[in-house]
Amino acid sequence: MATRQAVFALLCAVCCVFAAVSPAMAAPDGTATGPGLEPLVQQGVEPDSTRIVVEVTEDGDARWEIQYWTRLDDQNTTDAFASLEDDIDANPTDYTSAFADRINGTVDAASNSTGREMSATNVSVAAETRSLPDSFGVVTYSFEWSNFAAGDGDSLVVGDAIEGFFLDSGSRLILSWPDEYGPTTVAPTADDTRENTVIWRGSDTEFVSGEPRVVLEVGGGAPATSPTATQTAVQTPATGDGPFPTTGALAALALVGVLVVGAGFYLRSRGVFGSGGARDGAGGDEAAVVASATRDADAETDVSQAAPSESAGEATSDDADTTAEADATEDAEDAADAEDIPSELLSNEERVLRLIESRGGRIKQQEVASALDWTDAKTSKVVRGMRDEGTIEGFRLGRENVLRLPEADEPDDA
């Protein structure tokens, strides 16, 4: 009876935890909005969310990417996106023409309000499928916005060109800057911060007059909050941020593991798994085990007495095996010490190498960006430098860039 109660309690606890985890792992509600969306919908693809990625350069220009993400969770959506991908490859101007008109109007309005001469150039569109590990179809419109940020040499002021920018609940703005700069002001407080990057989510933040505003200075330190900011900076993604489970969800899953392990020990102590414990009949089982162990010990004694020379030979062999095992253990410990170095103490190149090695020597470039929380532009810059130095190699596999460790040269024929 006690065992049944324990099992029932365990199942109830697991169900409660999963009930709490499920909402955190679900996809964000709502559909995407933004320029260039209508042609996608006409092709039968309705994106779930929008990511606006802005990478500011040291001269004040910025590369913009407006990404529309669609979860490919059924065959109809997957087929529709495959058809859309083919059509974008064949007829890109059908998608970029209306998008460019909309963006040019936005840039012209920003130029008038800021007094800086601006332009939008190099408008393009691309579509791809990403597995993270769930499958998503991503359509990316990109362009370059000149004089997007105001600069005076050692500082950049970002945001006046998009003052009061609207983010709906399914959108987020991701702003990044060069390595040599650091933020001294971020308003409003970012919903998430990463390396040289701040993120605002429409579900958590609404820009008011004078926002967003980010002041960057060469060698700047930690971002300062705005005088009117009331939010607290969050270092971990909020619920619904991207396709991965959030920190809270992972913590809940860890709690499930603790409950299961604890329940296993409890049930084992109660004799459910047929092991020991203070149960009836345990004394007989223990007596049988002791008797068996005694017989085995007697048999081993007879063998050792009958073959002393053989034992001596085995001892020598055991010494050699022990030495080899010690060497192997030392090598393994050295490798483990290297792997224990915190990632924040590694250079960008070392982090990429560690990631490739952890994946068996090969990895898709897009997976590097996702795993390290880098923008596509930063990933391309680091990867390109490593390829030029010969640290890694790359090749195309379908629509994907694949990175690998350099293959050893074949030995010359004797």
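What share of the contacts in the protein chain with a separation of 6 or more comes from residues 24 or more positions apart? Such residues account for 67% of those contacts, a contact being heavy atoms within 4.5 Å. The structure is a predicted model, in which local features need pLDDT of at least 70 and side-chain atom pairs count only at pLDDT 80 or more, while totals for chains, interfaces and linings use all residues. Residues are numbered from 1 along each chain as its sequence is written, and side-chain values use heavy atoms, with hydrogens and water left out.

The protein chain has 10 helices and 14 strands. These elements are DSSP runs numbered from the N terminus, with helices (H or I) of at least four residues and strands (E) of at least two. Of the 414 residues in the protein chain, 34% are buried. Buried means under 20% relative accessible area, exposed means over 50%, and partly exposed lies in between (1.4 Å probe, protein chains only). The protein chain exposes about 23,300 Å², and carbon and sulfur atoms supply 52% of that area. Accessible areas come from the Shrake-Rupley method with a 1.4 Å probe, and for residues only the protein chains shown count as cover.

Strand E1 holds Thr50. With a relative accessible area of 2%, Thr50 is buried. Leaving out residues up to four places away in sequence, Thr50 touches Ala32, Thr33, Ile66, Gln67, Tyr68, Gly170, Ser171 and Arg172. Glu58 is found in the loop between strand E1 (49-56) and strand E2 (62-71). Glu58 counts as exposed because its relative accessibility is 52%. Together with Asp59, Asp179 and Glu180, Glu58 forms a negative surface patch. Patches are made of residues with over 30% relative accessible area and no salt bridge, with like charges joined within 9 Å and nonpolar side chains (Val, Leu, Ile, Met, Phe, Trp, Tyr) within 5 Å. Asp and Glu count as negative, Lys and Arg as positive, and His and the chain ends are not counted. The place of a charge is taken as NZ of Lys, CZ of Arg, CG of Asp or CD of Glu.

Side chains of opposite charge can pair when their charged atoms come close. A salt bridge is a side-chain nitrogen of Lys or Arg within 4 Å of a carboxyl oxygen of Asp or Glu, and the structure holds 12 salt bridges. One of them joins Arg63 and Glu65, with the closest N and O atoms 3.5 Å apart. Arg63 is partly exposed at 33%, whereas Glu65 is buried at 10%.

Another joins Asp134 to Arg71, the closest N and O atoms being 3.2 Å apart. Asp134 lies in the loop between strand E3 (120-131) and strand E4 (135-145) and Arg71 in strand E2, so the pair ties together parts that are 63 residues apart in sequence. Asp373 forms a salt bridge with Arg194, where the closest N and O atoms are 3.7 Å apart. Since Asp373 is in the loop between helix H9 (365-372) and helix H10 (376-389) and Arg194 in strand E9 (residues 192-194), this pair ties together parts that are 179 residues apart in sequence. Asp192, Arg194, Arg201 and Asp373 are linked in a network of salt bridges.

Helix H10 contains Val382, which is buried at 8% relative accessibility. The C-alpha atoms of Val382 and Glu349 are separated by 6.8 Å, though the two residues are 33 residues apart along the chain.
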